[in-house]
Amino acid sequence: MRIQQLHYIVKIVETGSMNEAAKQLFITQPSLSNAVRDLEREMGIEIFIRNPKGITLTKDGVEFLSYARQILEQTALLEERYKSKNTNRELFSVSAQHYAFVVNAFVSLLKGTDMTRYELFLRETRTYEIIDDVKNFPL
């Protein structure tokens, strides 16, 4: 699996069409189709249902898309962190169990904040790991 293939999957979903995605990605439609088939074969799942009217995500495809978007977001954060010249950002980290209200509270807090000043982390984990996070958090 390559990160570029994950970009392809997201672009196909965004456009709803292999042809349109290929145009926007500046590659040929057969190259895009082959990259998707290679990824499906490698992962052992079918991501898209293809028919004459277009494509739709399979159940596995919906789950795969969710993970792909997370990976792409994390990749963008890595690039921003290490390619960026701004290294004087403050660290703001939250460690919590997987509850929707935690994410909602985190997002609400950030809406009124100048995000350029902070490096943010939200880690969803188990109780004993949360305790370790608090105990070992670097000052």
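This is a predicted model: local features need pLDDT of at least 70, side-chain atom pairs count only at pLDDT 80 or more; totals for chains, interfaces and linings use all residues.

Reader: Which residues of H1 are buried, and against which elements do they pack?
Author: Helix H1 covers residues 3-15 and reaches 19 Å from its first C-alpha to its last, close to the 18 Å expected at 1.5 Å a residue. Its buried residues are Gln5, Leu6, Tyr8, Ile9, Val10 and Ile12. These buried residues pack against H2, H3, S1, S2 and H4.

Reader: Within what arc do the buried residues of H3 fall, seen down the axis of the helix?
Author: In H3, the buried residues are Leu32, Ser33, Ala35, Val36, Leu39 and Glu40. Seen down the axis of H3, they line one face of the helix, because they fall within an arc of 160 degrees.

Reader: Against which elements do the buried residues of H3 pack?
Author: H3 has 15 residues and reaches 21 Å between its first and last C-alpha, close to the 21 Å expected at 1.5 Å a residue. The elements against which its buried residues pack are H1, H2, S1 and H4.

Reader: Is Thr58 buried or exposed, and which residues does Thr58 touch beyond four places in sequence?
Author: Thr58 lies in the loop between S2 and H4. Buried means under 20% relative accessible area, and Thr58 counts as buried at 11% relative accessibility. Not counting residues up to four places away in sequence, Thr58 touches Glu46, Ile47, Phe48 and Ile49.

Reader: Where is Thr125 placed, and which residues does Thr125 touch beyond four places in sequence?
Author: Thr125 is in the loop between strand S4 and helix H6. Its relative accessible area is 13%, so Thr125 is buried. Not counting residues up to four places away in sequence, Thr125 touches Ser95, Ala96, Gln97, His98, Ile130 and Asp133.

Reader: How far apart are the closest N and O atoms of Asp38 and Arg41?
Author: Asp38 and Arg41 are three residues apart in helix H3, so about one helical turn separates them. Asp38 counts as partly exposed at 39% relative accessibility, whereas Arg41 counts as exposed at 60%. The two form a salt bridge in which the closest N and O atoms are apart by 2.7 Å.

Reader: Which residues are linked with Arg123 in a network of salt bridges?
Author: Arg123 and Asp133 meet in a salt bridge at 3.0 Å, N to O. That pair links distant parts of the chain, with Arg123 in strand S4 and Asp133 in helix H6, 10 residues apart. Arg123 also forms a salt bridge with Glu129, the closest N and O atoms being 3.8 Å apart. The residues linked with Arg123 in the network are Glu129 and Asp133.

Methods. Residues are numbered from 1 along each chain as its sequence is written. Side-chain values use heavy atoms; hydrogens and water are left out. Helices (H or I, at least four residues) and strands (E, at least two) are DSSP runs, numbered from the N terminus. The expected span of a helix is 1.5 Å times one less than its number of residues. Buried means under 20% relative accessible area, exposed over 50%, partly exposed in between (1.4 Å probe, protein chains only). Contact means heavy atoms within 4.5 Å. The arc is that of the directions from the helix axis to the C-beta atoms. A salt bridge is a side-chain nitrogen of Lys or Arg within 4 Å of a carboxyl oxygen of Asp or Glu.
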